[in-house]
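Subject: The structure, and what turned up in it

Hi,

Here is the structure I promised to hand over. Have a look at it first, and then read on for what was found.

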Amino acid sequence: MDTLTRIRAFIDVVDAEGFSAAARKTGRSKALLSKYVRELEDELGALLLNRTTRQFSMTEAGHTYYRTAADILKEIDNLADLVRENNADLKGKLKITVPRTFIDADVGQSLIDFAKENPDLALEIVAEDRFVDLIEEGFDLAIRITKLDDSGMIARKLSDFRVYACATPAFLEQYGPLTHPQDLSKVPFLVDTNSRNHNSVRFFEPDGGAISVAVTGPIEVNSPQATLRAALTGLGVAIIPDFIVKPHLDSGALISLFDDYLPANRGIYAIYPHRRYLPAKVRVLVDFLYGWFRRNA
């Protein structure tokens, strides 16, 4: 019995959270999986799993071994994909994490269009706004809307991105003029709670200095789409992503404020773990998204 088979058995058991569940998932018997894991432990001279009739858990050594072993198996599988790339259709599953802001907006159509063009690839799209650890949680790719920091990941910029502070002409006629970001502290503001600081907004002076403005208003909601609707009704000033608000700025329904005080060095990025052998299906998806944003600028 080779070590790779034993490692796969161990990974299967951990991912399924038990021998019985892993047996059902893989089609192997519980006894065989137990045998493989026991042989792996004997080979390593360390206990990887705590086994009782009612409980299943990894030991400290098991946690350490699992993280590295899972990466090794992914590298092996990715290498096989790379070799087969020119001789096989793209198949399997891609697990992607995206912000709700992205998938709920028109730009979310990019993933739908990819799925339509690649029917043999199943997309598992997880929409949530928390920061996801791609490696720990088994994601192939993340879409992030951000100023990119060095995260040890590989990133490809899909599109430029910025936000706009905006309000309706009627609101500005009632509360204006608003000539400086500090004026927001005196008027109703629509708070998007996806931002890091719910009760303040960060602006930047043209010379680079930062301004933090305290804001309050009639609505706090973790949805840019809901914030947009509230702004369109004249409830307050809102800060909204460009790919959501741009049509309403172009039509004049909303007026942009403080453009010189809002950062423009943001982007929409495709981010994936730093691996030597990138799976063909991930590379094809990233290339598709890059082209999609060029065509739909």
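The largest nonpolar core in this predicted model has 58 residues. Those with the most contacts inside this core are L141, I143, L184, F203 and V237. Helix α11, residues 280-295, gives the most to this core, with seven residues. As background, nonpolar side chains in soluble globular proteins tend to be buried together.

Next, a charged residue. R162 sits in the loop between β6 (154-161) and β7 (163-167). R162 is buried yet has no salt bridge. Which side chain of opposite charge is nearest to R162? That is D259, 4.1 Å away, and a salt bridge needs a distance within 4 Å. The side chain of R162 does reach the backbone oxygen of D259, at 3.5 Å. Apart from neighbours within four places in sequence, R162 is in contact with P241, D242, D259, L262, P263 and A264.

Helix α9 (residues 224-232) is worth a look too. Its buried residues are P224, T227, L228, A230 and A231. Seen down the axis of α9, the buried residues fall within an arc of 165 degrees, so they line one face of the helix. They pack against α5 (100-104), β8 (189-192), β11 (220-221), β12 (237-241) and α10 (242-251). After α9 comes G234, with a positive phi near 85 degrees.

Finally, the salt bridges: a search of the whole structure finds seven. One of them joins K35 and E39, with the closest N and O atoms 2.8 Å apart. These two are four residues apart in helix α3 (residues 30-44), so about one helical turn separates them. K35 and E39 also belong to a network of salt bridges with R6 and E43.

Another salt bridge pairs E124 with K93, at 3.6 Å between the closest N and O atoms. This pair links distant parts of the chain, with E124 in strand β4 (residues 121-127) and K93 in strand β3 (residues 92-98), 31 residues apart.

K246 is partly exposed, at 36% relative accessible area, whereas D250 is exposed, at 56%.

Happy exploring!

Technical notes
Residues are numbered from 1 along each chain as its sequence is written. This is a predicted model: local features need pLDDT of at least 70, side-chain atom pairs count only at pLDDT 80 or more; totals for chains, interfaces and linings use all residues. Side-chain values use heavy atoms; hydrogens and water are left out. A nonpolar core is a set of buried Ala, Val, Leu, Ile, Met, Phe, Trp, Tyr and Cys residues joined through side-chain atoms within 4.5 Å. Buried means under 20% relative accessible area, exposed over 50%, partly exposed in between (1.4 Å probe, protein chains only). Lys and Arg count as positive and Asp and Glu as negative; His and the chain ends are not counted. A polar contact is a pair of N or O atoms within 3.5 Å; within protein, one must be able to donate a hydrogen and the other to accept it, and residues adjacent in sequence count only if both atoms are side-chain atoms. Contact means heavy atoms within 4.5 Å. The arc is that of the directions from the helix axis to the C-beta atoms.
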